[in-house]
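Here is a short tour of one protein chain. Look at the fold, then read on.

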Amino acid sequence: MKGRSVSIFLTLFILVSVPFLQGCLRNDDLYNLNEILTRENQTIDNYITTNGINAITDPVYGIRFSYEEEGEGIKAINGDGVKMNYSVRLLDGTVIEENKTATFRKGARQVIDGLEIMMILMRTGDKVKAFIPSPYAYRDQQRGNIPPNSILVFDLEMTDIDYGSYDFD
């Protein structure tokens with residue numbers, strides 16, 4: 001009787017835990033970074049062309065962005081506090097956040113990869129529109145009112161840098 005109870009328990013445990021564990025594991029075959037970047041960059045390029053936006057493609061990461069105003073300040077380095085004004089929306093125009101101001105520690109991974117990349121490219125005084133493909137944002141994950149695999153459009157202004165103000169933990 002005791003052996004049968006253990007057998008039933010183990011069977012139930014396996015039936016319940018295997019689907020749960022499969023849901024926790026990330027299958028990179030389901031999220032092909034290069035394929036998604038290629039597809040989303042084509043969508044961004046079509047949007048840029050259709051809307052007559054004069055955009056630059058970063059040669060390292062492939063992020064598209066356009067200068068609305070070029071600043072004359074200097075660039076931040078890792079550990080600096082970077083103060084930015086920003087708004088973010090989806091490519092279809094759905095507003096996610098508007099007119100926000102925040103300070104991020106460059107290099108501390110406090111923001112999505114796309115914003116970290118833009119902090120590398122920008123200098124104080126720059127105002128840019130950045131088109132961030134989902135692999136550099138939230139990938140295939142839902143985040144609040146941002147659907148999975150969403151291209152994000154940021155209006156960014158780097159207003160100030162607090163040089164060396166932050167130490168990494």
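This is a predicted model. Start with helix α3, residues 113-121. Seven of its nine residues are buried, so the helix is largely enclosed by the rest of the structure. The buried residues of α3 are G114, L115, E116, I117, M118, M119 and L121. What do they pack against? The buried residues of α3 pack against the strands β2, β3, β4, β5 and β6.

**The chain as a whole**

The chain's secondary structure comes to three helices and six strands. Reading from the N terminus, the elements run α-α-β-β-β-β-α-β-β. The chain has 169 residues, and 38% of them count as buried. Its accessible surface comes to about 10,400 Å². Carbon and sulfur atoms account for 51% of that surface. Now take the contacts between residues at least 6 apart in sequence: 67% of these join residues at least 24 apart.

**The sheet**

The six strands form an open sheet with antiparallel pairing, in the order β1-β2-β5-β6-β3-β4. Which strands sit at the edges? They are β1 and β4 (95-105), and each pairs on one side only. What holds paired strands together? Strands of a sheet pair through backbone hydrogen bonds, either parallel or antiparallel.

| Strand pair | Sense | Bridges |
|---|---|---|
| β1 and β2 | antiparallel | two bridges |
| β2 and β5 | antiparallel | five bridges |
| β5 and β6 | antiparallel | six bridges |

F65 has A130 in β5 as its bridge partner. The bridge partner of A130 in β6 is F154.

Is strand β5 mostly buried or exposed? Five of its six residues (127-132) are buried, so β5 is largely enclosed by the rest of the structure. The cut-off for buried is under 20% relative accessible area.

Helix α2 (residues 33-50) lies across β2, β3 (81-90) and β5. It runs at about 35° to β2.

**At the surface**

Now turn to the outside. V60 lies in the loop between β1 (56-57) and β2. Its relative accessibility is 63%, so V60 counts as exposed. The cut-off for exposed is over 50%. V60 also belongs to a nonpolar patch on the surface, together with Y61 and I120. The three residues have about 280 Å² of accessible area together.

Finally, look at D162, which is found in strand β6. How accessible is D162? With a relative accessible area of 45%, D162 is partly exposed. D162 and G79 are 83 residues apart in sequence, and their C-alpha atoms are 9.2 Å apart in space. Which residues does D162 touch, leaving aside its neighbours within four places in sequence? D162 is in contact with D80 and G81.

**Looking back**

Strand β5 pairs with β2 and with β6. Helix α2 lies across β5 too. Trace these elements again in the model, one at a time.

How values were computed
Residues numbered from 1 in each chain as written. Predicted model: local features only at pLDDT ≥ 70, side-chain atom pairs only at ≥ 80, totals over all residues. Heavy atoms only, no water. Buried < 20%, exposed > 50% of the residue type's maximum accessible area, 1.4 Å probe, protein only. Helix = DSSP H or I, 4+ residues; strand = E, 2+ residues; numbered from the N terminus. Pairing = 2+ DSSP bridges. Patch = residues over 30% accessible without salt bridge, like charges linked within 9 Å, V, L, I, M, F, W, Y side chains within 5 Å. Areas by Shrake-Rupley, 256 points an atom, 1.4 Å probe, with all protein chains shown as cover. Salt bridge = Lys/Arg side-chain N within 4 Å of Asp/Glu carboxyl O. Contact = heavy atoms within 4.5 Å. Axes fitted to C-alpha atoms, helices over the stretch in contact; angles between N-to-C directions.
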